[in-house]
Amino acid sequence: MNTLSKIFTFFRKQSTLPSVQAYQQWAANYPATAHNLLMQVEHTAMLNLMPEVKERRVLDLASGTGRWGQWASTQGANIVIGCDNSVAMLNHSALIYRVLATVTAIPLPSASIDIILYGLAVGHSQTLKDVLTEVSRVLSIGGVALISDFHPALAWQGAQRTFQGQDGKTYAVEHYVHRYADWFAASQAAGLRITGVEEPHRPDQPHTAPIVFVLRLEKDSAMMNP
Ligand SMILES: C[S@@+](CC[C@H](N)C(=O)[O-])C[C@H]1O[C@@H](n2cnc3c(N)ncnc32)[C@H](O)[C@@H]1O
């Protein structure tokens, strides 16, 4: 079995769990590191688009066990806050500031964050417009959001994000495919400008479909604020 098929299950339909139920079971085995090939590829792609983090206010959105928040702390961020809707994932996080909330109702004031790092989670949300409207609200003018997920091309090929449940069975986590056109429309509506895109392949298979999608969005004073 190759590394990608350990992370994803192609074509074989698995029982699908809602995100909160899935991560309740997965949390104990979800280290705050890039612990598989897809995450390593995503890590490099995120860094390619990363703004200066030093002395900035950083929100690790859908933080899980705090992988991106921990990275931001090592880079000298002024403050780092993790936000996730899974108690179990937050309990396994080493971030000092953690808040239990959904990505569409972040309990922070408007314009209070300079950088949002939102790794490998947006596919769990069905409505991109609601997510990006909230991302835009908490970002300061000139603030940047980096948002990653596994690539829509993989999802269209039938890939599912899977994990082994506590009963030993394999489960998929709910996932909604967002096309580039959806991203463009939702970004425009939220007053966010797309300032970077990465679509890396597996490093050992450069001629196959990309496996990761990363978008860099900037809160732009020139664009309409929602
Ligand atoms: C694949 S994990 C990624 C965790 C972390 N961002 C990382 O890259 O290592 C997805 C995370 O998104 C969280 N999540 C899913 N839907 C969410 C929502 N609507 N609001 C907040 N967190 C959510 C899950 O609880 C889980 O911790």
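Author: Two residues are in contact if their C-beta atoms, placed from the backbone, lie within 7 Å. This is a predicted model, where local features need pLDDT of at least 70 and side-chain atom pairs count only at pLDDT 80 or more, while totals for chains, interfaces and linings use all residues. Residues are numbered from 1 along each chain as its sequence is written.

Reader: Which residues are in contact with Y118, leaving aside its neighbours within four places in sequence?

Author: Y118 has L61, A62, A145, L146 and I147 as such partners. By the 7 Å rule, the C-beta atoms of Y118 and L61 therefore lie within that limit.

Reader: What makes the largest nonpolar core a core, and how many residues has it?

Author: It has 50 residues; a core is a set of buried Ala, Val, Leu, Ile, Met, Phe, Trp, Tyr and Cys residues joined through C-beta atoms within 7 Å. I116, L117, Y118 and A145 have the most contacts inside this core. Strand β7 (residues 139-150) gives the largest share, six residues. Another core, of seven residues, lies apart and includes Y23 and M89.

Reader: Why are residues of helix α6 called buried, and which are they?

Author: Buried takes 20 or more other C-beta atoms within 10 Å of the residue's own (exposed is 12 or fewer, partly exposed in between). In α6 (residues 128-138), L128, V131, L132, E134, V135, S136 and V138 are buried, so each of them reaches that count. The buried residues of α6 pack against β3, β6, β7, α8 (180-190), β10 (192-198) and β11 (212-219).

Reader: Which residues come nearest to the ligand?

Author: Of the 18 residues around the ligand, these are A62, G64, S86, G119 and A121; near means a C-beta atom, placed from the backbone, within 6 Å.

How values were computed:
Helices (H or I, at least four residues) and strands (E, at least two) are DSSP runs, numbered from the N terminus.
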